[in-house]
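Me: I have a model open and would like to go through a few of its local features. Could you take my questions one at a time?

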Amino acid sequence: MVKNDNINQKVVTSTMEKCANCGGNLIFYPAKQGLKCENCGSIFDIQKSTDYNRHNIDEQSKDSTEYKNWVANNKIFKCKNCGSSVILNSLEISKRCPYCDTAFVMASDEIPTYSPDSIIPFSFDAEEASNRFIQNVKKKFYVSGKFKKKLPKNQIKGTYIPTFNFDAETNSDYNGVLTKTRTVHDHRNNTSRTVTETFPIAGNIKMSHKNISIETSSKISQENLNGILPYNYNGVVAYKDDYIRGYTVEHYQDALHTCEEIAKQVYRDQIKKGILARYPQADGVQYLNFTPTISNEKYQYQLVPLYKFQYKYKKKDYITYMNGQTGKIDNNLPKSIPKIVGTVILIILIIALPIILSLISD
Ligand SMILES: [Zn+2]
Ligand SMILES: [Zn+2]
């Protein structure tokens, strides 16, 4: 058994398949961002690099060494039961679907067009994920109290989800009409009325859009992914097979261009926000026109870590996702209806109270 002091002394290369001390299987060990022997517990360092590729939209990486290694070391498996498409490393022993646990029989002949450029490694293991899930749920006010008392202890699975991550610059001329609503008080007959003023705007805005993460998974929707974003992109490293040992990787589903169109919608949303931020006095939009010119657009095929919690509560099925780097969970949890209704009533009362008081005082 090697003590933790020995980390960094041996660096594992992707070609080193087994533990140097006992020949056991090595799996990625998030706590040390290294590899751990399943048999003797030895830990080995992974040579980390932040030097990864960003491609122009029409460029693929098929000539690169990284691509050739990826295709040689990894095979695509398609699940006959649930239809998921999963990448398994040739070193992977348990060939089972991460979504429905069906055993994979045969690798598909499909050869991927893209190999991962970068990866955000898991920063904690499944056991830690389970603890964080419990801590997170307890802090959420709107979650059913009964559920909090009997939190599910179940098998959770860590999967790397495929994403296309885009960067771009945009330049947009814009014009539009914004509105501002204010209340005018008439002292003569003691009445109030609202007046909406309009004002025209025009200008130019240049923006830089970074790390627009679009899922290309067959199992996770963009909404699911948005629920656990953002990732901390300072943690992105160049892809290595070592980071996926012991974890499953879902194969990309949608074409790059489909994802690019979704990314363009995100640029548009950011531009709109950027324009409106220039006019803080406005509180509404009558119309706003702009057509961005996109330049310097780059993509990287990026794997991101995700834990999935699947459980039943009061006969209903729930799936809650957790960001495998930051621990953030989405809001798909058993909610307490009385708590939500109570909060809504409270908010309405707070808004209505001044009006009610003014009516009483009249
Ligand atoms: Zn070993
Ligand atoms: Zn399946």
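Predicted model: local features only at pLDDT ≥ 70, side-chain atom pairs only at ≥ 80, totals over all residues.

Me: Which residues coordinate the zinc ion (ligand 1)?
Reply: The zinc ion (ligand 1) is held by the SG atoms of Cys19, Cys22, Cys37 and Cys40, at 2.3 to 2.4 Å. Along the chain, these donors follow the spacing C-x2-C-x14-C-x2-C.

Me: Where do Cys22 and Cys40 sit?
Reply: Cys22 is in the loop between β1 (11-12) and β2 (26-29), while Cys40 is in the loop between β3 (34-37) and β4 (43-46). They are 18 residues apart, and the pair links distant parts of the chain.

Me: What is the geometry of that site?
Reply: The site is tetrahedral, with angles of 99 to 117 degrees among the 4 donor atoms. For four tetrahedral donors, the ideal angle is 109.5 degrees.

Me: And is Cys40 buried or exposed?
Reply: Cys40 counts as buried because its relative accessibility is 17%, which is under the 20% cut-off. Cys22, at 35%, counts as partly exposed.

Me: What lines the largest cavity?
Reply: Its lining consists of Pro98, Tyr99, Lys157, Thr159, Ile161, Leu306 and Lys308. β9 (157-186) and β14 (293-313) each supply at least two of the lining residues, and β9 gives the most, with 3 residues.

Me: Now Gln222. Which element is it in, and what does it touch?
Reply: Gln222 lies in helix α4 (residues 222-228). Leaving aside residues up to four places away in sequence, Gln222 touches Ser213, Ile214 and Glu215. Its side chain also reaches the backbone nitrogen of Glu215 at 2.9 Å.

Me: Buried or exposed?
Reply: Gln222 counts as buried, because its relative accessibility is 17%.

Me: Which peptide bond is cis around Pro230?
Reply: The bond from Leu229 to Pro230 is cis, with omega near 0 degrees. Pro230 is placed in the loop between α4 and β11 (237-238).

Me: Last one: what is the phi of Asn190, and of Lys315?
Reply: Asn190 has a phi near 55 degrees, a positive value in a residue other than glycine. Lys315 has a positive phi of about 65 degrees, although it is not a glycine either. Asn190 is in the loop between β9 and β10 (191-215), and Lys315 is in the loop between β14 and β15 (316-323).

Me: How accessible is Lys315?
Reply: At 82% relative accessibility, Lys315 counts as exposed.

Notes. Residues numbered from 1 in each chain as written. Chains lettered and ligands numbered in written order. Heavy atoms only, no water. Helix = DSSP H or I, 4+ residues; strand = E, 2+ residues; numbered from the N terminus. Buried < 20%, exposed > 50% of the residue type's maximum accessible area, 1.4 Å probe, protein only. Polar contact = N/O pair within 3.5 Å; in protein donor to acceptor, adjacent residues only side chain to side chain. Contact = heavy atoms within 4.5 Å. Donors = N, O, S within 2.8 Å, 3.2 Å for Na, K, Ca; no water. Tetrahedral: all angles 85-135°; square planar, octahedral: opposite > 155°, others 65-115°. 1 Å grid on protein atoms, 1.4 Å probe; cavity = no way out; pocket = protein on both sides within 12 Å on 5 of 7 lines; lining within 4 Å.
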